[in-house]
Amino acid sequence: MSTDIPTPRGSLIANRSLDSLTWLRVGGPAEWLFQPADEDDLAEFLAALDPAVPVFAMGVGSNLIVRDGGIRGVVVRLGRAFNGVEVDGDVLTVGAASLDAQVARRAADAGLDLTFLRTIPGSIGGAVRMNAGCYGTYMADHLIEGRVVTREGRKITLSAGDLNFGYRHSDLPEGSVITSVTMRAPKGDPDALHARMAEQLDRRDATQPTKERSAGSTFRNPAGYSSTGQADDTHELKAWALIDQAGLRGHSWGGAQMSQKHPNFLINTGGATAADLEALGELVRRRVLEESGHELQWEVVRIGEPTPEED
Ligand SMILES: Cc1cc2nc3c(=O)[nH]c(=O)nc-3n(C[C@H](O)[C@H](O)[C@H](O)COP(=O)(O)OP(=O)(O)OC[C@H]3O[C@@H](n4cnc5c(N)ncnc54)[C@H](O)[C@@H]3O)c2cc1C
């Protein structure tokens with residue numbers, strides 16, 4: 001472990017377990033978990049940090065498998081100082097730690113339509129990084145620009161064009177942290193927007209295992225999306241259908257299971273390790289390839305090291 005780590009104003013904890021900070025409730029420790037006091041604290045800390053130390057920004061862990069041996073280097077997790085939503089006309093300025101659902105509700109109160117964010121359980125930083133979306137709308141459709149602190153500790157602004165959005169993807173310099181974004185949203189009637197969000201929540205609960213420990217869709221849909229993430233119904237091919245056809249709905253490995261309710265959701269039924277989850281995912285990829293010829297790609301971000309025994 002590095003001994004000459006800078007001393008920030010915020011919280012810096014060595015060897016902090018990450019399992020309780022991810023939706024799947026698995027994963028080993030971060031060598032260092034850093035919660036900056038504010039943007040200056042983050043920038044100064046990164047500028048002073050040995051360039052050889054890796055930095056990983058995490059949101060609320062709703063799209064992550066952290067491996068059982070943990071993450072080397074510094075994991076940055078933004079806290080309350082990066083929360084907050086300001087509305088000016090049809091433009092919202094949002095802290096990267098704000099939850100998607102909170103932003104959707106706040107926008108609706110102001111008569112602005114970001115309803116697509118209501119059922120996505122992540123933070124705005126994670127939503128930008130992953131170009132999160134549903135019901136045919138994506139972050140790419142709304143983002144004006146994002147404030148970012150680079151791995152070297154520089155504060156920069158990236159436009160939507162710089163981020164080069166694709167399906168569940170944006171280009172972000174390695175080790176950098178999104179701290180806030182500005183977004184534009186179309187106008188709508190507040191009551192109608194809240195009613196639509198309530199319907200969307202019901203629809204989710206009916207079709208997805210929203211009460212289980214998961215990280216959302218495990219694999220990307222193999223085709224049917226343009227580079228900006230727009231759905232193209234003429235070619236749409238669903239990962240869940242390929243998994244179902246391969247007979248893997250409900251299939252389990254250790255404490256990991258492909259959900260009975262939605263077979264593209266990998267769930268921790270209780271005692272799963274990250275290794276169980278990843279092994280089941282790889283088994284699914286092999287079987288689907290054999291059955292259908294389609295090579296599924298992980299949508300869930302897998303990060304960190306296996307334990308020495310697993311290795
Ligand atoms: C039940 C369920 C349903 C879901 N439904 C959807 C859906 O409909 N649509 C959808 O798109 N996703 C969905 N997801 C996946 C997930 O919620 C999104 O990908 C979300 O945007 C991840 O945000 P997060 O804050 O949890 O990021 P994390 O999971 O913590 O991290 C994901 C990625 O974002 C990066 N990241 C996070 N914060 C920052 C930051 N501040 N700066 C730089 N990089 C950052 C991380 O480095 C990592 O690469 C679902 C997940 C669950 C559990």
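**Figure 1. Division of the predicted model into domains.** The protein of this predicted model is divided into domain 1 (11-80), domain 2 (81-190) and domain 3 (210-303), with bounds that come from an automatic or database domain assignment. Taken over C-alpha atoms, the centres of domain 1 and domain 2 are separated by 20 Å. Residues are numbered from 1 along each chain as its sequence is written, and side-chain values use heavy atoms, with hydrogens and water left out. Local features need pLDDT of at least 70 and side-chain atom pairs count only at pLDDT 80 or more, whereas totals for chains, interfaces and linings use all residues.

**Figure 2. The interface of domain 1 and domain 2.** In this view, 25 residues of domain 1 are in contact with 22 residues of domain 2, where contact means heavy atoms within 4.5 Å. The area buried between the two domains is about 1800 Å², and carbon and sulfur atoms give 61% of that area; buried area is the accessible area (1.4 Å probe) that two parts lose on being put together, summed over both.

**Figure 3. Salt bridges and the salt bridge of Arg147 and Glu39.** The count for the structure comes to 14 salt bridges, each being a side-chain nitrogen of Lys or Arg within 4 Å of a carboxyl oxygen of Asp or Glu. The pair of Arg147 in strand β10 (residues 143-149) and Glu39 in helix α1 links distant parts of the chain, 108 residues apart, and the side chains of these residues meet at 2.4 Å, N to O. Helices (H or I, at least four residues) and strands (E, at least two) are DSSP runs, numbered from the N terminus. Across the interface of domain 1 and domain 2, the rule finds 2 salt bridges.

**Figure 4. The aromatic pair of Phe34 and Phe45.** The structure holds 2 aromatic pairs, for which ring centres of Phe, Tyr and Trp (its six-membered ring) must lie within 6.5 Å, with planes under 30 degrees apart counted as stacked, over 60 as edge-to-face and the rest as tilted. The rings of Phe34 and Phe45 have centres 4.2 Å apart and planes at 35°, so this pair is tilted.
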